[in-house]
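Subject: Structure handover, with notes on charged residues

Hello,

Here is the structure you are taking over. Please open it first and keep it in view while you read the notes below.

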Amino acid sequence: MSQRRHHPQAVAAAKAGISERSARRIDKNPQLPSQKKRERRWRTRPDPLEQIWPRVEELLKIPGILSVTIFETVQDEFGEAVVPDGVRRTLERRIARWRALNGGEKEIFFPQHHEIGRQGLLDFTVADDLHVTIAGLHFDHRLFHFRLASSGWEDSAVVLGGESFTALSEHLQDALWKLGGAPAELRSDSLSAAYKNLDADAQRDFTHNYEALCRHYGMTPTRNNKGVAHENGSIEAPNGHLKRRLDQALRRRGSRDFPSIQDYRRFVDQEVAKQNRRRARLVDDERRVLKPLPLKRTTDFTLVSADVTRNSTVSVDRITYSVPSRLIGYRLHAHLYDDRVEFFLGPDQVMTADRVRVKHAERGHNIDFRHFIGNLKRKPQALRYLVYRNALFPTHAYTRVWQALDAALDARQACRDMVALLDIAANGNCVDALALRIEAALDRGKLPNVAKLKSEFLPTVRSRVDVTIPPPDFAGYNHLLANAQVL
């Protein structure tokens with residue numbers, strides 16, 4: 001149209017790169033195509049929803065009702081002749097338009113500005129979908145996740161049990177001491193999994209302990225509304241980001257199997273540290289305004305008292321743990337952590353054991369054969385019907401050799417040989433090495449030679465080594481004395 005002011009129609013069309021026909025049409029009506037479009041005022045076919053729409057509007061008044069439910073309802077009421085399957089999509093589009101024009105208000109998500117040093121967030125997230133295995137066995141676990149809302153600094157820890165206060169306290173304090181400070185506010189969800197099986201008194205204890213933990217570090221505890229996960233979105237979404245990064249790292253690694261839980265924990269720590277290095281500048285800025293840490297940590301374990309029975313065992317959280325027989329008759333204090341139990345006699349720590357977890361209705365055992373071997377040597381027949389006999393064997397190789405001995409020998413000899421093998425493993429400190437020799441013998445279809453293994457791993461005659469001590473060099477002493485007089 002600008003060219004048309006100075007040139008004839010044909011010239012203006014050529015300069016604009018359009019045909020003369022288009023130029024004539026534009027001259028007649030210079031409106032844009034979008035301005036010319038008019039809404040069609042007539043239908044090309046009958047409305048298939050005209051008969052049922054009043055009923056649909058009645059159903060739309062029911063809060064939370066789905067379009068598919070409305071379709072199935074009107075199809076049941078009016079029949080498939082009036083409401084065939086082919087009109088379902090038409091009905092869904094009409095309902096969506098009605099809701100946009102006449103529906104109620106929807107929830108608004110308000111973006112928040114995070115001031116540096118103000119808020120830290122924590123959460124537990126199930127990590128079973130990472131399909132991690134430990135020594136070939138599937139590893140069900142959770143990840144504890146702490147994150148600063150402003151800079152995005154984070155810390156994560158492998159949790160063996162559920163959402164317990166013990167796990168929360170231990171790993172939160174680990175994160176704060178790595179960070180070197182504490183935020184003003186600590187945000188969490190309702191921790192519903194932690195409350196799930198607790199009675200009212202236990203829930204109050206959990207709340208009291210959690211508030212005391214926050215008070216120790218000068219943090220104000222806050223929680224989002226129950227069931228409203230997006231209010232904790234600054235940690236909920238990063239939970240997924242964390243697991244996705246770990247999954248990608250596992251893919252690059254080429255294997256999801258780890259020799260031990262400690263190796264897997266180091267792997268998680270390394271991946272989290274990589275992400276924190278990318279935010280180093282923001283983290284340094286936020287560290288400057290964090291609250292200083294207290295002089296020491298607060299309690300990060302659950303304290304349980306247990307008496308040592310005549311069986312040389314204690315019962316802690318439905319699990320039977322063996323202890324040295326010298327502690328029979330004493331009362332021990334057990335510090336329950338997420339992955340271990342530490343036993344104390346007064347102020348003295350006497351032993352540490354891996355924490356065992358079982359289903360709610362079951363009982364489990366954590367038995368160290370070294371605690372019993374001295375007594376078993378005196379009473380080897382006690383092994384046969386021992387309640388926790390299978391838990392006594394340190395590896396599968398020892399279970400396998402017991403089955404072989406019991407099948408091939410008489411009852412008394414089988415018990416004596418099995419106890420002798422356990423004695424070799426205990427006193428020779430050779431559990432794994434001896435297991436390899438046992439497996440090799442059984443694979444050949446033979447029983448292990450106990451006497452030969454004892455002479456190999458527990459030699460009674462030690463080789464004599466002649467040691468020659470040269471006489472002292474007196475000239476060297478004279479040299480030292482001469483230098484001392486000069487000084």
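There are 33 salt bridges in the structure. Please keep in mind that this is a predicted model. Side chains of opposite charge can pair when their charged atoms come close.

Pairs within one helix

Arginine 266 and aspartate 263 form a salt bridge through their side chains, with 2.3 Å from N to O. Both residues sit in helix 11 (residues 261-278), and because they are 3 residues apart there, about one helical turn separates them. Arginine 266 has a relative accessibility of 45%, so it counts as partly exposed. Aspartate 263 is also partly exposed, at 24%.

A second pair is made by aspartate 284 and arginine 287, whose closest N and O atoms are 3.8 Å apart. A salt bridge requires the nitrogen to be within 4 Å of the carboxyl oxygen, so this pair counts as one. The two residues lie in helix 12 (residues 280-287), 3 residues apart, which means a separation of about one helical turn. Aspartate 284 has a relative accessible area of 37% and is partly exposed. Arginine 287, with 35%, is partly exposed as well.

A pair between two helices

Which parts of the chain does the salt bridge between arginine 400 and glutamate 439 link? The side chains of these residues meet at 2.4 Å, N to O. Arginine 400 is partly exposed, its relative accessible area being 26%. Glutamate 439 is partly exposed too, at 21%. Buried would require a value under 20%, so glutamate 439 does not count as buried.

A network

Salt bridges also link Glu170, Arg265, Asp339, Arg340 and Glu342 into a network.

A patch of negative charge

On the surface, Glu72, Asp76, Glu80 and Asp85 gather in a negatively charged patch. One of them, aspartate 76, is found in helix 5 (residues 67-78). Is aspartate 76 buried or exposed? Its relative accessibility is 67%, and the cut-off for exposed is over 50%, so aspartate 76 counts as exposed.

Regards

Definitions and conventions:
Residues are numbered from 1 along each chain as its sequence is written. This is a predicted model: local features need pLDDT of at least 70, side-chain atom pairs count only at pLDDT 80 or more; totals for chains, interfaces and linings use all residues. Side-chain values use heavy atoms; hydrogens and water are left out. Patches are made of residues with over 30% relative accessible area and no salt bridge: like charges are joined within 9 Å, nonpolar side chains (Val, Leu, Ile, Met, Phe, Trp, Tyr) within 5 Å. Accessible areas come from the Shrake-Rupley method with a 1.4 Å probe; for residues, only the protein chains shown count as cover. Lys and Arg count as positive and Asp and Glu as negative; His and the chain ends are not counted. The place of a charge is taken as NZ of Lys, CZ of Arg, CG of Asp or CD of Glu. Helices (H or I, at least four residues) and strands (E, at least two) are DSSP runs, numbered from the N terminus. Buried means under 20% relative accessible area, exposed over 50%, partly exposed in between (1.4 Å probe, protein chains only).
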